[in-house]
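Welcome! Take a moment to look over the sequence and turn the model around, and then we will walk through it together.

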Amino acid sequence: MVKSMKLALMACAMSLAMLSALAAYAQNPAYACTLPNGDNVPILVDTSLQNVAVARRNAQGQRTIVINPNVLALFQPATRWFWLAHECAHQQLGHTLGNFGPDREQQADCYAAHQLVKNHHLDANDLRAIEEDISKLGGDTKAYLPGPARAYAIDECVVKAVQEIQQSQ
């Protein structure tokens with residue numbers, strides 16, 4: 001009886017610690033998404049989300065990014081940054097207004113890759129990690145390229161971003 005009570009108390013303490021950590025992350029995330037007009041997009045936590053993250057716009061038009069830190073934790077750190085940049089790209093490109101499909105996902109992938117390169121948040125090791133993680137993913141033909149094809153497309157976007165940045169200097 002005492003042992004089961006100790007286990008229950010430990011489980012409660014761990015749950016409270018996890019909720020506290022999630023609340024702290026939601027209040028002060030390591031990543032920020034800023035729109036071209038300077039508005040910040042709030043990053044919210046939803047552990048029931050069946051995805052890494054999603055860019056949303058509510059009925060009042062407020063933009064948000066919702067993340068599931070449990071799913072996000074399955075990926076390498078560089079890929080986590082990429083997912084956040086990808087969802088921010090959807091917001092910056094206005095993709096939260098419908099018409100979803102592979103073209104929108106590829107646009108968000110390329111925009112995210114370009115922003116990460118431009119802001120010096122992506123090096124060769126990061127790109128390898130992103131390609132490794134994304135290559136393992138399946139594809140939903142309604143929205144995403146299959147993992148290996150998507151990883152290759154992201155690599156092409158990075159090469160293009162590096163060339164564009166070098167030409168502008």
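**A guided walk through the model**

Asn 70 is partly exposed, with a relative accessible area of 37%; buried means under 20% relative accessible area, exposed means over 50%, and partly exposed is in between, using a 1.4 Å probe and protein chains only. This residue belongs to helix H2, which covers residues 69-72. Along the sequence, Asn 70 and Asp 46 are 24 residues apart, and in space their C-alpha atoms are 9.4 Å apart.

Before going on, a word about what you are looking at. This is a predicted model, in which local features need pLDDT of at least 70 and side-chain atom pairs count only at pLDDT 80 or more, while totals for chains, interfaces and linings use all residues. Residues are numbered from 1 along each chain as its sequence is written, and side-chain values use heavy atoms, leaving out hydrogens and water.

Now step back to the whole protein. You will find six helices and five strands, where helices (H or I, at least four residues) and strands (E, at least two) are DSSP runs numbered from the N terminus. Following the sequence, the pattern reads α-β-β-β-β-β-α-α-α-α-α. Of the 169 residues, 34% are buried. Among the contacts (heavy atoms within 4.5 Å) with a separation of 6 or more, 48% are between residues 24 or more positions apart. The accessible surface is about 10200 Å², and carbon and sulfur atoms account for 57% of that area, as computed by the Shrake-Rupley method with a 1.4 Å probe.

With 72% relative accessibility, His 120 counts as exposed.

On the H5 side, the contact is made by Leu 127, Glu 131, Ile 134 and Ser 135, and H6 contributes residues including Pro 148, Arg 150, Ile 154 and Val 158. The residues of this contact divide into six nonpolar, two polar and three charged.

Methods:
Nonpolar A, V, L, I, M, F, W, Y, C, P; charged D, E, K, R; others polar.
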